[in-house]
Each structure stands twice: as structure tokens, then as C-alpha cells.
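Hi there,

Here is the structure I promised to pass on to you. Please have a look at it first, and then read my notes below.

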Amino acid sequence: EDCEIPTSLYPLQSDGLSLREITQKLIKPFGLKMVIDSSVSSKMNEVYEKTTASATQSIKDYITQLAAQKNIIISHDAKGNIIFTKAQTSKSPMLRFINGGVPFTKMDLIFNGQAMHSDITVIKQASIDGGNAGESTVKNPFVPFVFRPKVVIQNSGDDNDTEQAAKNIRAAELKNLSLKIVTDTWQVDGKMIKPNNIVGVLNPTCYLYKETNWFVETIDFEGNEKGYIATLTCVLPEVYNGKEPQYIFKGINLH
């Protein structure tokens with residue numbers, strides 16, 4: 001997670017390898033194993049034309065960067081295995097924090113606008129081996145009132161991947177809009193609340209005037225003789241599902 005690629009595995013550039021092959025190569029010296037969910041098996045075997053890691057980049061960051069290009073998320077299990085899977089963003093809400101729904105003790109909408117951009121452009125330069133140049137721009141609907149451009153040079157994939165790369169950067173920036181929910185329950189209908197689920201939220205205090213679905217990214221559990229607390233950190237489903245994000249604060253001027 002916090003180690004760079006060892007020099008014994010150089011060069012940093014990989015040509016014609018899949019995410020499965022690249023991951024196997026990088027985790028082998030650490031004695032780690034990986035588990036691939038059937039929902040992403042085919043994508044794990046798709047070949048990258050060319051991809052290059054940075055010498056100062058952690059192995060986790062590099063693998064996560066490659067996985068994000070294919071809308072694959074990475075987790076781990078209790079045995080330390082690295083898990084490649086797909087975000088369950090299409091499921092019905094496991095919890096609904098609305099009037100008459102699951103009670104909460106605290107809810108905060110967290111927004112870091114300075115880390116988000118209105119226009120994200122990805123440029124791929126033509127390579128000496130004949131690879132084509134490419135350029136794609138996507139807009140972020142959550143930065144609607146100011147012009148804040150971002151330009152990134154693509155170093156993985158081919159010219160057909162530039163639009164997807166731009167969408168992936170936008171999805172990563174959407175993490176700067178999150179919802180933190182504190183509730184005094186750990187279970188729903190006898191089932192433990194877990195990440196990779198959807199919750200529905202309607203809370204005018206957080207400018208959510210209609211029920212909106214949020215993806216549960218992480219949960220912190222606390223418990224003692226006085227009771228139980230679960231803190232859910234949620235992001236928009238579009239962070240993980242690759243779909244076009246929709247502005248959820250209709251009628252609100254964010255100036």
C-alpha cells in the first residue's frame with residue numbers, strides 16, 4: 001500500500017499486459033494473493049497497449065489508477081487477499097435516511113470545491129511506435145458557475161481511452177463531495193451494514209431536498225457498554241459506476 005515498485009521489477013513501462021498480469025507481477029515479492037470477482041474477470045484480462053508507472057508512485061496508487069480506467073474497485077479481505085470487484089451501485093438502498101426511516105444522530109455534507117474542476121482535458125501524445133494522439137474533454141456539473149480547467153497527459157492506454165481517462169479523473173474529483181452519516185445501529189433486518197451498498201437520503205439541512213442515492217464507501221464501527229455507533233462515509237454512485245454525474249442541488253445557487 002505504501003511501497004514503491006522495487007527496482008528488481010523494472011522497467012516501469014509495461015507493454016501489452018493486462019491488469020491481472022501487472023498485478024501478479026507487482027505483488028509477487030510481497031507474498032500477496034488476489035481474488036477476482038466474476039463481474040470484472042473479463043476486464044482484468046483486457047490488455048493495455050502501454051502503461052508506465054512513476055518511480056515515486058506507490059504500488060497501490062499505480063494499480064488503483066489502472067483499475068479505475070476499467071471501473072474496477074480494489075478492496076481486501078480478512079486474510080489479506082487483494083480483491084478486484086465491481087461497485088454495487090445499481091442495488092436498491094439498504095438504508096433510507098428520510099422521515100420515518102432509519103434515524104441518524106449526525107449528518108454532514110462535505111464539499112471541497114478547490115479540488116474540483118469544471119473542464120477536465122486528457123491529452124495523449126503520439127508515440128514513436130506509431131500510436132495515435134488523442135484529446136478528450138469532459139465537464140463536471142458540480143462546478144457550474146466558474147471556469148476551472150484541468151489538463152492531464154495520459155501515459156496508459158491508447159487514443160481510444162482518452163475520453164474514459166477524462167471521465168475517471170472527473171469521478172475521482174467527485175470524491176470531494178461526500179456525505180458523513182452517524183447512526184446508532186450496526187444492522188438492518190439482522191444484516192450487518194457494510195460498504196459497497198446504497199443508502200437513500202433526504203435531508204434539507206444538507207441541501208438534499210429530494211431523496212438521493214449515495215454509495216457507502218467506508219464504515220467505522222464503535223461500540224461499548226453504552227451503545228453502538230456506525231459512521232458511514234458516502235460518495236455519489238458516479239464515483240464508481242462510470243455514468244454521467246447529475247447535479248443534485250437543483251435550484252440552489254452555490255456561490
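Strands here are DSSP runs of E with at least two residues, helices are runs of H or I with at least four residues, and both are numbered from the N terminus. Two strands count as paired if DSSP finds at least two bridges between them.

A word on the source: this is a predicted model, in which local features need pLDDT of at least 70 and side-chain atom pairs count only at pLDDT 80 or more, while totals for chains, interfaces and linings use all residues. Residues are numbered from 1 along each chain as its sequence is written, and side-chain values use heavy atoms, with hydrogens and water left out.

Back to the sheet. S2 and S5 belong to an open sheet of three strands in the order S2-S5-S4, with mixed pairing. Its edge strands, S2 (34–36) and S4 (73–76), each pair on one side only. From one strand to the next, the twist averages 25 degrees. Helix H1 (residues 19–27) packs on this sheet and touches S2 and S5 (contact means heavy atoms within 4.5 Å). The direction of H1 makes about 165 degrees with that of S2; axes are lines fitted to C-alpha atoms, for helices over the stretch in contact, and angles run from 0 to 180 degrees between N-to-C directions.

Next, the hairpins. Strands S14 (residues 198–203) and S15 (residues 208–224) pair in the antiparallel sense over five bridges, and four residues lie between them in the hairpin. Tyr-207 in that turn has a positive phi of about 65 degrees. S15 also pairs with S16 (residues 227–235), antiparallel over nine bridges, and that hairpin has two residues between its strands.

Finally, the aromatic rings. Ring pairs link Phe-142, Tyr-247 and Phe-249 into a cluster.

Best wishes

Conventions: Rings of Phe, Tyr and Trp (its six-membered ring) pair if their centres lie within 6.5 Å; planes under 30 degrees apart count as stacked, over 60 as edge-to-face and the rest as tilted.
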